[in-house]
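Please open the model in your viewer and keep the selection panel at hand. The tour moves from one selection to the next and says what is found at each stop.

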4 protein chains.
Amino acid sequence: MNNQYGNNLTLSVFGGSHDDEIGMHLGGFPAGLAVDTDALLALMARRAPGSTSLGTPRRERDIPIFLSGISNGVTDGGEITAIIKNENRRSSDYSFVYDTPRPGHADFAALVKHGGQIDLRGGGKFSGRLTAPLCIAGGLCLQYLKEKGIEIGAHILSIGDEKDRYFDPIAAENRLFTALKKRPLAVIDEAAGERMRAVIERARAEGDSVGGVAECMIAGLPIGLGEHMFDGAEGRFASILFSIPAVKGVEFGDGFGIATRRGSDANDAFYTDGVNVKTRTNHCGGILGGMTNGMPVLFRVAFKPTPSIAKEQQTVSLSRMENTILSIGGRHDPCILPRAIPVVESAAAIAVTDLLLDQ
Amino acid sequence: MNNQYGNNLTLSVFGGSHDDEIGMHLGGFPAGLAVDTDALLALMARRAPGSTSLGTPRRERDIPIFLSGISNGVTDGGEITAIIKNENRRSSDYSFVYDTPRPGHADFAALVKHGGQIDLRGGGKFSGRLTAPLCIAGGLCLQYLKEKGIEIGAHILSIGDEKDRYFDPIAAENRLFTALKKRPLAVIDEAAGERMRAVIERARAEGDSVGGVAECMIAGLPIGLGEHMFDGAEGRFASILFSIPAVKGVEFGDGFGIATRRGSDANDAFYTDGVNVKTRTNHCGGILGGMTNGMPVLFRVAFKPTPSIAKEQQTVSLSRMENTILSIGGRHDPCILPRAIPVVESAAAIAVTDLLLDQ
Amino acid sequence: MNNQYGNNLTLSVFGGSHDDEIGMHLGGFPAGLAVDTDALLALMARRAPGSTSLGTPRRERDIPIFLSGISNGVTDGGEITAIIKNENRRSSDYSFVYDTPRPGHADFAALVKHGGQIDLRGGGKFSGRLTAPLCIAGGLCLQYLKEKGIEIGAHILSIGDEKDRYFDPIAAENRLFTALKKRPLAVIDEAAGERMRAVIERARAEGDSVGGVAECMIAGLPIGLGEHMFDGAEGRFASILFSIPAVKGVEFGDGFGIATRRGSDANDAFYTDGVNVKTRTNHCGGILGGMTNGMPVLFRVAFKPTPSIAKEQQTVSLSRMENTILSIGGRHDPCILPRAIPVVESAAAIAVTDLLLDQ
Amino acid sequence: MNNQYGNNLTLSVFGGSHDDEIGMHLGGFPAGLAVDTDALLALMARRAPGSTSLGTPRRERDIPIFLSGISNGVTDGGEITAIIKNENRRSSDYSFVYDTPRPGHADFAALVKHGGQIDLRGGGKFSGRLTAPLCIAGGLCLQYLKEKGIEIGAHILSIGDEKDRYFDPIAAENRLFTALKKRPLAVIDEAAGERMRAVIERARAEGDSVGGVAECMIAGLPIGLGEHMFDGAEGRFASILFSIPAVKGVEFGDGFGIATRRGSDANDAFYTDGVNVKTRTNHCGGILGGMTNGMPVLFRVAFKPTPSIAKEQQTVSLSRMENTILSIGGRHDPCILPRAIPVVESAAAIAVTDLLLDQ
């Protein structure tokens with residue numbers, strides 16, 4: 001069980017929510033990238049607790065400290081190790097989970113699996129907090145890709161029933177990507193953003209939470225990244241996307257929608273302007289036969305509602321083997337989407353970097 | 001680029017649609033399984049071309065020939081190598097794809113990637129035919145799991161807009177699994193099956209094709225299979241499911257539907273009957289924190305319509321760099337779903353076996 | 001337990017000595033090599049039983065049959081699968097090993113490990129016969145390397161106390177490599193070869209066997225193959241060399257001899273002819289810091305005497321738990337060195353190809 | 001290029017000699033080991049610079065700082081990350097190596113490989129200093145193995161021409177192992193140790209260095225660890241042993257000496273005392289067919305003389321492409337053997353732990 005990602009990269013993420021540090025260890029990253037610290041910190045800040053008024057009031061500064069792999073600000077080809085200090089922990093909040101597992105959390109399965117011997121404070125290693133070191137690796141990859149003309153953007157496509165507009169599936173919307181990264185809520189249609197805000201606030205007021213969907217686009221990819229079958233691009237994206245806590249679905253291009261189409265309406269017809277071969281549609285999401293086809297890669301990721309809610313829930317007291325009621329206190333996001341966007345971008349960037357390193 | 005699946009198993013699939021043989025090589029499979037050849041052949045037959053009146057008239061017998069790893073009918077702990085002879089090929093059908101890539105196929109990306117030097121007859125290594133060796137591995141895994149009380153069933157949830165009923169998410173429907181495997185069309189509601197049949201026939205009559213969704217359930221799993229993050233169960237299922245050609249989406253439990261729910265309505269509340277801890281709902285699809293939680297695992301897979309259609313499509317003559325029209329002859333399934341069901345079961349079985357071997 | 005070799009290649013070898021087939025499965029091998037079948041068969045013939053008058057009278061033709069990965073005689077970038085039919089087996093010879101394990105063989109450890117449930121006929125998967133598929137992979141790699149100007153030669157440095165002369169450590173003796181491959185006994189000094197022959201014949205006449213040392217040189221390597229520590233060249237060579245049955249020692253350059261030297265006498269001083277940087281000695285065997293340094297790579301491999309001997313040996317009847325006497329019949333090489341030379345070349349070629357593919 | 005060790009463990013070592021930190025990252029280590037910090041520090045101290053009067057006067061305290069994987073002093077099943085602060089560096093000592101590569105060092109190959117862009121201060125990542133983090137991993141493994149009744153000892157078998165006595169190959173000399181760990185020079189025969197001391201002092205006085213051989217024994221192993229061919233025990237030991245800088249040879253049991261024997265004299269005959277099956281000799285070094293056979297594992301490792309010597313050596317000025325003379329200042333061990341012994345024990349322990357985790 002190595003818990004690593006990558007065919008060429010070897011990424012592992014370590015520590016738990018309430019350890020002194022969490023961190024990441026990344027082998028195989030190319031030498032020669034001059035790390036833009038400001039850009040990295042900006043990415044981390046978008047994911048950090050307290051980054052939006054919609055999230056948890058728990059604040060972490062989330063400053064990555066590099067222990068190896070970066071010399072004089074430049075990646076040196078060695079394994080990159082980075083840590084983040086965990087601050088602002090309140091471990092006492094979590095003693096109850098050992099007896100009354102939280103619905104929607106890993107608690108029950110983890111307790112059974114480990115015979116009760118596992119650190120579940122703050123969610124332990126199952127916590128969404130582990131996406132912070134994922135963003136360190138992702139931040140480096142985003143910078144590496146940008147130098148190669150590959151840009152990645154993501155936005156909140158929906159929260160509850162409120163929807164943003166879709167990315168234009170055949171356009172490389174780099175300018176939009178930049179704009180989205182600066183908005184407090186990463187939505188294209190700011191009016192939709194206002195409605196989403198209201199949905200979140202309503203859920204919070206009711207001690208509840210709400211889920212949503214993120215959409216991500218990758219522009220500037222060369223043709224032919226990925227291989228058939230087990231090394232296919234879709235599987236390699238999906239594998240890292242499903243490692244983000246709370247993700248329950250991943251689809252490319254038209255995704256589940258393509259299942260209701262006819263072939264004549266789902267195939268992306270080719271045309272040429274005399275120089276290049278293109279398609280006018282992108283139902284396939286930029287991937288055919290496991291390979292990128294030159295169109296932007298486009299996928300969507302479904303996030304479940306934050307499972308920690310103040311509302312009363314039914315659970316079981318394991319010590320007494322009796323049904324009981326649980327209301328979860330503490331500081332929790334009523335919706336994970338606003339902070340999940342940079343995590344999706346990071347996961348995408350790691351997958352693309354690994355795909356590029358096939359060659 | 002090893003094109004292998006598995007943390008514990010090492011599965012590779014080799015050959016192309018129009019080679020003499022295709023096959024699979026499987027390391028790490030446990031010793032001691034007495035292979036039930038009839039069951040294996042029955043699985044292969046469900047996937048084979050010509051297995052239903054709805055599919056391609058191209059017939060392949062698809063008999064696996066084991067070259068290693070099975071002694072006296074029992075797996076011996078060594079690498080298992082098996083091949084299938086490719087019969088009934090008509091390579092002449094495919095000469096055109098080098099100049100006029102088929103929309104919805106890997107042709108264009110593969111030609112660019114390999115500078116034109118790649119065998120695309122019958123789809124080459126990108127062909128759905130490669131799912132036959134996947135079923136050999138899957139068939140062995142299904143038998144291995146059955147001995148451990150783990151059963152896997154799948155059905156066609158939808159074709160076009162016609163829908164079967166869902167699996168009951170909290171029931172281990174083993175008897176239903178057995179029944180489904182015997183039906184010509186793997187549907188729970190046979191009336192829905194009739195309507196699906198009509199949808200497929202209509203598409204075929206119009207020289208078109210149609211997509212659909214498969215649903216799969218795994219019953220009898222122990223609690224705690226899978227790990228957090230990169231070794232999470234969802235990612236390991238998704239990774240092999242996306243290696244099946246034509247798959248564009250994978251979701252667990254409520255999947256994309258969970259994104260519109262409130263946490264109070266998406267968490268699966270625990271209760272006890274005094275002995276066991278269970279949930280009355282299964283929104284999470286049997287996986288929390290990357291681990292199985294004791295409920296059946298439940299996921300859905302979106303398949304796009306078969307890209308090979310007789311209807312005219314726009315494409316480009318690469319030699320002349322001109323727009324042109326293509327109509328694909330040959331023998332193609334108007335809908336891949338009927339034959340995809342045993343492939344989904346196989347992929348699931350391989351993933352579960354690999355998860356079990358973590359321990 | 002994947003039993004594979006390679007960071008970039010994925011080589012596995014399957015089957016056992018008395019199965020119908022043995023074979024190899026090789027992923028990651030570059031596309032585009034036009035396979036020289038004659039050269040491959042010549043390599044296989046040098047290793048095959050009956051290849052010299054000094055070996056076992058058991059004859060195998062050892063013709064590789066390629067099942068995948070080679071199209072129209074050219075490697076196509078897919079996984080390469082090849083088998084060899086096992087002919088001329090006499091399984092009855094081996095029934096005794098289950099009760100009276102042969103000294104110097106894997107029998108006892110294998111029986112304990114597998115609770116008696118393991119095929120040991122002909123040595124099963126522990127047999128030197130498994131080096132035949134290793135030579136298939138090695139033969140492909142040797143051809144791939146030759147196209148890049150990298151040549152590999154090996155000879156018998158010693159058998160018993162009789163010694164051949166050493167390779168000149170700073171010369172790329174390509175012409176000698178070619179000559180050695182044609183000699184019935186791969187020795188530089190043919191007079192030494194005659195003495196070795198006598199040593200082998202004497203051992204055979206006495207129902208005994210004898211060991212020896214092989215020396216191998218790799219010429220034409222670029223500078224800088226290999227990495228520090230775990231990906232170092234020495235470890236990657238050693239790892240595959242120790243997978244050859246009967247190998248008990250591996251040393252590079254001066255090897256164990258360097259341990260008695262002073263640094264002033266063990267370092268290879270640099271000099272320049274104004275254009276290149278070279279060394280006049282090669283104590284390091286062409287590897288420093290895990291990397292090739294531009295000098296020929298030079299290593300030696302110690303082989304133990306064939307453990308199967310006709311002479312009486314003490315062993316134990318496991319069923320009666322009593323001491324007993326064993327005399328091994330059957331057809332065995334009194335010395336493995338003559339047939340081991342192409343295996344050492346093959347192992348070296350596989351390791352070098354894997355090192356080259358780092359880049 | 002992941003630069004990792006292990007089939008089951010994933011060990012990587014990071015940083016360079018003159019970075020702020022060096023460290024190790026270890027995945028797959030079992031949960032539940034209560035770490036004995038004193039024992040770990042004692043192991044580190046035996047390897048540390050300045051540990052003996054015979055070594056470099058450069059002193060490093062080498063205190064491991066654990067960042068993850070250990071909770072309340074017990075391994076928690078997560079990835080273990082540990083760092084050591086580099087103190088007492090004098091980087092100015094190393095500026096010359098970029099123009100005048102040191103004979104016997106990685107400098108020249110590394111400069112060519114990386115186009116001059118590589119940190120070689122203190123040897124950079126090629127430094128023997130990287131064996132310090134290897135000892136952290138090894139120290140944890142040694143403790144893990146001790147709990148299972150497996151003990152590892154090593155001693156200096158020779159320095160120059162002076163020899164210690166061999167381990168008794170069929171005895172588990174646990175008491176001797178403990179004694180050796182406490183001696184300033186790890187030798188069995190202390191008179192031989194005195195002579196070795198003199199050899200080292202003489203080399204130092206002459207501005208020279210000297211090599212030697214280490215012998216290592218592993219007692220208490222179960223029968224059957226390791227697999228045939230690529231997962232064989234010998235190859236897995238050799239792979240990590242050759243990752244120790246300065247190692248040029250590895251042999252098991254009689255090693256190169258077995259090559260001059262007859263089979264009748266090299267096979268270890270079995271006998272029984274009515275209860276167990278044993279051998280009276282251990283020519284094979286406790287490994288047959290890639291598997292441990294129940295006897296102690298025994299191997300020897302050849303170390304070259306420290307390449308950094310004060311004596312004048314010939315090298316080349318790369319900028320002027322002219323022959324020149326180099327005399328290396330700085331603080332260097334005239335013989336690496338005294339400090340290499342705990343490194344050999346550590347490497348052995350890591351390999352054994354990985355072998356045990358096969359099961």
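What follows is a walk through the contacts between chains, with a last stop inside one chain.

This is a predicted model, in which local features need pLDDT of at least 70 and side-chain atom pairs count only at pLDDT 80 or more, while totals for chains, interfaces and linings use all residues. Residues are numbered from 1 along each chain as its sequence is written, chains are lettered from A and ligands numbered from 1 in the order in which they are written, and side-chain values use heavy atoms, with hydrogens and water left out.

**Stop one: chains C and D**

Select chain C and chain D together, and colour the residues in contact, where contact means heavy atoms within 4.5 Å. Chain C brings 103 residues to this contact, and chain D brings 103 residues. The size of an interface is often given as the accessible area lost when the parts come together. Here chain C and chain D bury about 8400 Å² between them, with 64% of it on carbon and sulfur atoms; buried area is the accessible area (1.4 Å probe) that two parts lose on being put together, summed over both. Now pick out C:Phe230, C:Lys248 and C:Phe270, which supply 11% of the area that chain C buries against chain D, more than any other three residues.

Next, show the charged side chains at this interface. Eight salt bridges are counted between chain C and chain D, a salt bridge being a side-chain nitrogen of Lys or Arg within 4 Å of a carboxyl oxygen of Asp or Glu. One of them to display joins C:Arg262 to D:Asp208, whose closest N and O atoms are 3.5 Å apart. On the side of chain C that touches chain D, the residues divide into 48 nonpolar, 34 polar and 21 charged, where Ala, Val, Leu, Ile, Met, Phe, Trp, Tyr, Cys and Pro count as nonpolar, Asp, Glu, Lys and Arg as charged, and the others, Gly among them, as polar.

Switch to the cartoon and select residues 247-252 in both chains. Strand β10 of chain C and strand β10 of chain D run antiparallel and are joined by three bridges; strands are DSSP runs of E of at least two residues, helices are runs of H or I of at least four, and both are numbered from the N terminus. Two strands pair if DSSP finds at least two bridges between them. Within this pairing, C:Val250 stands opposite D:Val250.

How many degrees of rotation superpose chain C on chain D? A rotation of 180 degrees with 0.0 Å of shift along its axis does so, at an RMSD of 0.0 Å, and the two copies are thus related as by a two-fold rotation axis. The superposition is by least squares on the C-alpha atoms of residues with pLDDT of at least 70 in both copies.

**Stop two: chains A and B**

Hide chains C and D, and select chain B with chain A. The contact takes 103 residues from chain B and 103 residues from chain A, and the two chains bury about 8400 Å² between them. In chain B, the residues that lose the most area to chain A are B:Phe230, B:Lys248 and B:Phe270, together 11% of what that side buries. Because 100% of the interface residues of chain B are also interface residues in chain A, the copies meet through the same surface.

Eight salt bridges are found across this interface. Display A:Lys248 with B:Glu234, where the closest N and O atoms are 2.7 Å apart, and then B:Glu227 with A:Lys113, where that distance is 3.0 Å. The latter pair runs from the loop between β9 (212-219) and α6 (233-241) of chain B to helix α2 (residues 107-113) of chain A.

**Stop three: chains without contact**

Bring back all the chains and look between chain A and chain C: no contact joins them, and their closest C-alpha atoms lie 9 Å apart. Chain B and chain D do not touch either, with their nearest C-alpha atoms 9 Å apart.

**Stop four: a hairpin in chain B**

Finally, select residues 313-317 and 322-326 of chain B, which are strands β16 and β17, paired in the antiparallel sense over five bridges. The bridge partner of B:Val316 in β17(B) is B:Asn323. Four residues lie between the strands of this hairpin, in which B:Met321 takes a positive phi near 45 degrees.
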